Amino acid sequence: MTPTTPAAPSRAASSHLFSTLRPLLAAEAGAEAAGGGVDPGDLEQAVWLRLLELLDGAGPPPDPAEWLLRAVRDEARLARRATRRELPHPAPPAATTDTACPERAALTAERRRVLREAVGRLPGRCPRLLDAMLSPADPTYQEIAGELGMSQGSLGPMRSRCLGCLRRMLAAEVAAPGQRGRER
C-alpha cells in the first residue's frame, strides 16, 4: 500500500484561511518586529510563504491561529539572528583628494594646464571672461561684469560664444583615431 498525501485545500478554503489569518498575522508581526528591529512586512511575507509551502505539502494546520503565532515567532527569531550576523556594508571611501593619489593629482594638474593654455589662446575678451569664471574665488555674474566693465546681461551670451570657441579649439587638438582595417 502506498502512502498518500493529503489533498491540497480548495482555492475557496485557502482564500478563507488567508482572510481569517491576515489581521492576526499583521498584529503579531508588528509586535514581534518592534522588539527585534525587523520589518513587519518582511515577517508577514516569510510567514505567508511558510503557510503556502505547508498548504502545498501537508495541508492546512490543525490549529491555524496557534501555527501562525509559532511561525511568526520562529521567523522573527531567524530574522534577529540574521541581523546580528550580518555586517553593514562599509561606506564608500570618501572622495579621494588629489594629495592622497599622486597619479590623480598629476592628471588633474595636466588637465588644468591644458585648459588654461587653451583659454589663453581664445580671441577677444574671452580669455579674461573665462579666467574670471574659472577663478577659485567663484565670483558672481555681477562681480565679473564689474571687473570686465560690461553689462551683466551680456555675460551669458558672451560666455556661451567663448565656450563654443573653446570647445571647437579643444576638439581640433584631440588626436584623430587611428586608421581601422587593413592598410594597403
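Trainee: Which residues does leucine 129 touch, not counting residues up to four places away in sequence?

Mentor: Contact means heavy atoms within 4.5 Å. With that rule, Leucine 129 touches Ile144, Leu148, Leu155, Met158, Arg159 and Cys162, residues up to four places away in sequence not being counted. Keep in mind that this is a predicted model, where local features need pLDDT of at least 70, side-chain atom pairs count only at pLDDT 80 or more, and totals for chains, interfaces and linings use all residues. Residues are numbered from 1 along each chain as its sequence is written, and side-chain values use heavy atoms, leaving out hydrogens and water.

Trainee: How many residues does the largest nonpolar core have, and which have the most contacts inside it?

Mentor: A nonpolar core is a set of buried Ala, Val, Leu, Ile, Met, Phe, Trp, Tyr and Cys residues joined through side-chain atoms within 4.5 Å; buried means under 20% relative accessible area, exposed over 50%, and partly exposed in between (1.4 Å probe, protein chains only). Here the largest core has 16 residues, and Leu129 and Leu155 have the most contacts inside it. At least two residues of this core come from each of helix H4 (102–120), H5, helix H6 (141–148) and H7. H7 gives the largest share, five residues. There is also a second, separate core of 12 residues, with Phe18, Leu21, Trp67 and Val72 among them.

Trainee: How are those helices defined?

Mentor: They are DSSP runs (H or I, at least four residues; strands are E, at least two), numbered from the N terminus.

Trainee: Which cysteines does a disulfide join?

Mentor: Look for a pair of cysteine sulfur atoms within 2.5 Å. The count comes to one disulfide, and cysteine 126 is joined to cysteine 162, S to S 2.0 Å. The link of cysteine 126 and cysteine 162 is left-handed, with -80° about the S-S bond. This pair links distant parts of the chain, 36 residues apart: cysteine 126 is in helix H5 (residues 126–133) and cysteine 162 in helix H7 (residues 155–173).

Trainee: Are cysteine 126 and cysteine 162 buried or exposed?

Mentor: Both cysteine 126 and cysteine 162 are buried. Cysteine 101, in contrast, is partly exposed because its relative accessible area is 22%.

Trainee: What pLDDT does the chain average?

Mentor: pLDDT is the predictor's confidence in each residue, from 0 to 100. The chain averages 81, and 83% of the residues score at least 70. Confidence is highest in H5, at a mean of 90, and lowest in H1, at 82. Over residues 1–6, pLDDT stays under 50, and the model has two contacts beyond four places in sequence for them.
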